[in-house]
Amino acid sequence: MFEYAFMQNAFIVALLISIVCPLIGMFLVLRRYSMIGDALSHASLAGVAVGLLFDWNPVLSAFGLTSFFGILIEVLRRRFRRYAELILVIILSLSVGIAITIISAGLVHTNVESFLFGSILTVSTGDVYSVVALSVISLAVIARLYPQLVMLTFDEDGAQIAGVRSKLINYIFAVLVAATISVSIRIVGILVISSLIALPVATALQLRKGFRRTLIYSVVFSFIDILSGLLLSYYIDAAPGGVTALTSVAMLLLVIAYKECVFSLQEKRRRP
Amino acid sequence: MIDLQHVYFAYEHGQYLLEDVNMTIRDGDYISVVGENGSGKSTLIKLILGLLSPSWGSISNTYRHRAYVPQRFETLNSQFPITVWEVLNCYRQVLHLKHKEIIRDCLEQMNVYSLKDQLIGNLSGGQCQKVLIARALMGHPDLLIFDEPSTGIDVRSQEELYPFIKDLNENKGVTVITVEHNLKFAVRNSTKMFHVVGGRGHFCSPKAYLDEYVSARWEGISNV
């Protein structure tokens, strides 16, 4: 299977996604921003459509436009605090509106379906380079801002008083979310990126560990989810996005079931 | 020194929550901010800390090392996956403190070093409060602000906590401000009380506040 170049490309991209997605997902989930991830992943379709229209690399054009929408959400959320959900709907309508208009007008002569559902076959070497570059930059930024991000997530007021520049870091974080989504588009597809961002984190949270260990477990679960999704999709000839979403849910259920079993066993032992 | 001059505050063009508040806090003061629920005490603290900007008026704060101990149950998500050590270590890194020993020192000072590997959500109210104070002490603050330090903690922990705050104030020269519901500790410890009523505030001595409070309660009982 790995003798094929497209499978090697897919594997490299999957490996990077399995690291970047849960790292960003951890902060998104704990800040209760999962819906922003969902809105931005749909917004990335506009970036893909614009990229295809002007014959640019769709991963990079998705990154550019999703970053713009991410920063716009952050600006509007600060101005209209009471209407946070409404802002997501507005951004979603604007971005998906742009995408559907470009695609349905027949201005794009590429199969957009692969961007929606994900595909192993379409990961080009150019895509691999852009995914590697975006992932490495994202990982470096997360490593640099790690204590600030953890503090902002845990106690925003305390972080601000300690001198964390929350406004700036939130804007940087919006760009990081955009980068994560852009690198994931090719393999998992726009429709299920948010599940890849949130589900491995939700699975790791079941284990009730500290922040760093939860982060490590999220990466491990994410790696298993994506790899098994990729392999299964290869053998059953289905889009990897859907299969990966299913393996992520299966993993979550498995961990919950394991936790319940351990808990009931402990309860039994405790009984006199 | 902290100086508030004619401060007005309203959330998003709503009604003024604070009106014409004037307040001067000097080095070494121990101020208890008291008042009914919703009177604007916590908003006042957020203004002092710079988390909110006044709609009108001016605030100057010359303290460079400020620390804030929030109400445990108000701020913290008990499901948040973070250990005591991680909370303090991130704070250390944000403050650019080089040596990790300071984490151990501050936890030991509060007698909670043994809890370093515990998840913050698994701690009792008193333990959590001590951990948050240990975190606040890491930056060697010259201004320490507490939001209802006795909320959610048992009587024994309260009896340990207040002498410790008092000691920081009297012997280490830390200026202390507490938003206070617990009248006993407020009157016993503070050098001055700041009473917030109907969006306005005034300073009074603990004894004067007690007299005012008791006579208001007595009036209420007499009217019944």
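## Helix 4 of chain A

Just past helix 4 of chain A, G106(A) adopts a positive phi of about 75°. Helices here are DSSP runs of H or I with at least four residues, strands are E runs of at least two, and both are numbered from the N terminus. This is a predicted model, where local features need pLDDT of at least 70, side-chain atom pairs count only at pLDDT 80 or more, and totals for chains, interfaces and linings use all residues. Residues are numbered from 1 along each chain as its sequence is written, while chains are lettered from A and ligands numbered from 1 in the order in which they are written.

## Two faces

I87(A), L88(A), I91(A), S95(A) and A99(A) are the buried ones in helix 4 of chain A (20 or more other C-beta atoms within 10 Å of a residue's own, C-beta atoms being placed from the backbone; 12 or fewer is exposed, and in between is partly exposed). Looking down the axis of helix 4 of chain A, the buried residues sit within an arc of 105°, so they line one face; the arc is taken from the directions from the helix axis to the C-beta atoms.

Turn to the face away from that buried side and you find exposed residues E85(A), L86(A), V89(A), S93(A), G97(A), T101(A) and S104(A).

## Where chain B meets chain A

Contact means C-beta atoms, placed from the backbone, within 7 Å. By that test, 18 residues of chain B touch 22 residues of chain A. On chain B's side, strand 5 (66-69) and helix 3 (84-94) are the elements giving two or more residues, and helix 3 of chain B gives the most, with 6 residues.

Terms used
Two residues are in contact if their C-beta atoms, placed from the backbone, lie within 7 Å.
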